[in-house]
Amino acid sequence: AAAKGGYKHFMLKEIMEQPRVITDCLTGRVTEEPDGSLSVHLQELDGIPVPSRLHIVACGTSYNAGLWGQQLLENVGGIPTDLDIASEFRYRDPIILPGEAVMVISQSGETADTLAALRLAKEKGAKVIGLCNVVGSSIAREADVVLYTQAGPEISVASTKAMCSQMVLIALMALYYGQRRSPAVFDRNLLVALRELPEKLAAALPAMQKRAEQLALRFASSRSFFYLGRGQYNALALEGALKLKELSYIHAEGYAAGEMKHGPIALIDPQFPTFALAMDDDVFFPKVKSNIQEVLARQGRVIALVQEKGRSLSSLGVEDIWRLPDSYPVISCFFALSALQLFSYCMADVLGKDVDQPRNLAKSVTVE
Ligand code: M6R
């Protein structure tokens, strides 16, 4: 009980720790000069050339973090970036050209498929960057370069703060590569917003927990859920669905919103609610709004995640709108991630599930 720090479950404690985790992940990696200029330091990467292409390989939530980061690494870092599920990568004889690098992401550093992918990448002559939480783990030992996420021990089987730290570190990598390639294109505003995030997230989390509890009570009898998002929110939609199914055993589909009309729309009915990530800083807002209209037209219930001053969805008749603090684009994803985690946590708790140790799951998947 003491280790839970007064929280009912480790998962809730770990969600609430995220502001500190972000601070710890930034510690020692950002410098501010007396003139106010900022720079990112990832000394671990200084010794290897900027990759001509980065192949990200991971499983589960770590894969979702990689998917979230892909666009940032390309747009902010200027690095062409591919993504693979480790269990697929290891058997598909991937082409890795000279100058390209592989980045494996793993909280535990012991995931069998991710470790096999790392070994394959090394056999193929690639430099391997390991993004790990557990110091001295197999992946940390075997990678050419390790970046530690510094999230602290994650006890709950469901990964929460580890994903948050992976996202922070990938954002720093994108900034680092952008800065290394051309200081002129360095996205200072993103770094400023990242540094301000811990305080803002800490202030927002208690109200977010209350809202998650209300919504969990309203939707506790649902047996299926649909999660929709676009761009970086697509990765979060996948993560939201993964968290809901692993914790509360409710069937959940995470989809890129644009794919809805290509099949899953057939599922929509009054018993199949949709969790729509309709954050307003998203260039895709009008498109997600039209997805919401499609759901409502089929009598589907909608929970819409929006920002405080975001464009309104009320004219559509969405009953359950969840407002999150306004923030800089990209940074709003961290609020959305916490909201999705809290909703899954509350659903599992309301349903009386074993939150910290869901059935059939292990914290570290060391077998294939
Ligand atoms: O330790 P890893 O990050 O390599 O683990 C990968 C997955 O097994 C892990 O993220 C899993 O999906 C979690 N149960 C998600 O909450």
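Author: Let us begin with one pair of side chains. In this predicted model, Arg 20 and Asp 24 form a salt bridge, and their closest N and O atoms are 2.3 Å apart. In general, side chains of opposite charge can pair when their charged atoms come close. Both residues belong to helix H2, which covers residues 18-26; because they are four residues apart there, about one helical turn separates them. Over the whole structure, a search finds 20 salt bridges.

The helix that carries this pair also has a packing partner. H2 packs against helix H8 (residues 161-181) at an angle of about 35°, and the two axes are 9 Å apart. Their crossing is right-handed. On the side of H2, the residues that meet H8 are Gln 18, Arg 20, Val 21, Ile 22, Cys 25 and Leu 26.

Helix H10 (residues 232-248) and helix H12 (residues 332-350) have axes that come within 9 Å and cross at roughly 15°. With that angle, H10 is roughly parallel to H12. The crossing of H10 with H12 is right-handed. Among the residues that make the contact are Leu 236, Leu 244 and Leu 247 of H10, together with Leu 337, Leu 340 and Phe 343 of H12. The contact of H10 with H12 comprises 12 nonpolar, five polar and two charged residues.

H10 leads us on to a sheet. This helix lies across strands S8, S9 and S10 (274-277), and runs at about 175° to S9. The sheet is open and consists of five strands in the order S9-S8-S10-S11-S12, with parallel pairing. Its edges are S9 (251-256) and S12 (320-324); each has a single partner strand, so one side of each is left without a neighbour in the sheet. From one strand to the next, the twist averages 20°. For S9, the neighbour in the strand order is S8. S8 (residues 224-229) is joined to S9 by six bridges, and the two run parallel.

Note on methods. Residues numbered from 1 in each chain as written. Predicted model: local features only at pLDDT ≥ 70, side-chain atom pairs only at ≥ 80, totals over all residues. Heavy atoms only, no water. Axes fitted to C-alpha atoms, helices over the stretch in contact; angles between N-to-C directions. Parallel < 35°, antiparallel > 145°, perpendicular 65-115°, else oblique. Left-handed = near helix turned anticlockwise from the far one by under 90°. Contact = heavy atoms within 4.5 Å. Nonpolar A, V, L, I, M, F, W, Y, C, P; charged D, E, K, R; others polar. Pairing = 2+ DSSP bridges. Salt bridge = Lys/Arg side-chain N within 4 Å of Asp/Glu carboxyl O.
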